[in-house]
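Here is a short report on one protein model.

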Amino acid sequence: MRKSYDFSKGKKNPYAGRLKKQVTIRLEEATIAYFKSLAQELGIPYQTLINLYLRDCAANSKRLAIEWKPGN
């Protein structure tokens with residue numbers, strides 16, 4: 001390693017805006033198994049597949065047609 005480095009001509013990371021954020025989410029085992037199976041079939045990591053699916057939902061403003069009734 002050098003003792004010092006010159007970053008005066010450095011550039012900002014052009015992909016910094018596309019970085020991913022780690023989150024914790026609770027998913028049913030059957031849901032994870034479905035995405036793992038599909039991801040294996042497609043040859044991509046299952047977390048990438050879930051991200052692609054959710055990104056598509058967000059980009060196309062998809063909404064579920066469900067009625068949520070909170071427990072009493």
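Q47 sits in helix α2. Helices here are DSSP runs of H or I with at least four residues, numbered from the N terminus. Q47 is exposed, at 56% relative accessible area. The cut-offs are under 20% for buried, over 50% for exposed and partly exposed in between, with a 1.4 Å probe and protein chains only. Q47 lies 15 residues from I32 in sequence, and their C-alpha atoms are 9.3 Å apart.

The model is predicted: local features need pLDDT of at least 70, side-chain atom pairs count only at pLDDT 80 or more, and totals for chains, interfaces and linings use all residues. Residues are numbered from 1 along each chain as its sequence is written, and side-chain values use heavy atoms, with hydrogens and water left out.

**Helix packing**

How do α1 and α2 pack? The angle is about 105 degrees, and the axes are 8 Å apart. Axes are lines fitted to C-alpha atoms, for helices over the stretch in contact, and angles run from 0 to 180 degrees between N-to-C directions. α1 and α2 are therefore roughly perpendicular, a label for angles of 65 to 115 degrees. Residues 29-42 form α1, and residues 46-59 form α2.

On the α1 side, the contacts come from I32, F35, K36, L38, A39 and L42. They meet Y46, L49, I50 and Y53 of α2. Contact means heavy atoms within 4.5 Å.

Y34 also belongs to α1. Its C-alpha atom is 9.3 Å from that of Y46, twelve residues along the chain.

**Salt bridge**

A search of the whole structure gives one salt bridge. The term needs a side-chain nitrogen of Lys or Arg within 4 Å of a carboxyl oxygen of Asp or Glu. The partners are K62 and D56, at 2.9 Å from N to O.

**Surface and backbone**

M1, Y5 and F7 make a nonpolar surface patch of about 490 Å². Patch members have over 30% relative accessible area and no salt bridge; nonpolar side chains (Val, Leu, Ile, Met, Phe, Trp, Tyr) are joined within 5 Å, like charges within 9 Å. Areas come from the Shrake-Rupley method with a 1.4 Å probe; for residues, only the protein chains shown count as cover. Y5 lies in the segment before α1.

S61 follows in the segment after α2. Its phi is positive, about 50 degrees, although S61 is not a glycine.

Accessibility of several residues is listed below.

| Residue | Relative accessibility | Class |
|---|---|---|
| Y5 | 43% | partly exposed |
| D56 | 32% | partly exposed |
| K62 | 48% | partly exposed |
| Y34 | 51% | exposed |
| S61 | 58% | exposed |

Key. Helices (H or I, at least four residues) and strands (E, at least two) are DSSP runs, numbered from the N terminus. Angles under 35 degrees count as roughly parallel, over 145 as roughly antiparallel, 65 to 115 as roughly perpendicular and the rest as oblique.
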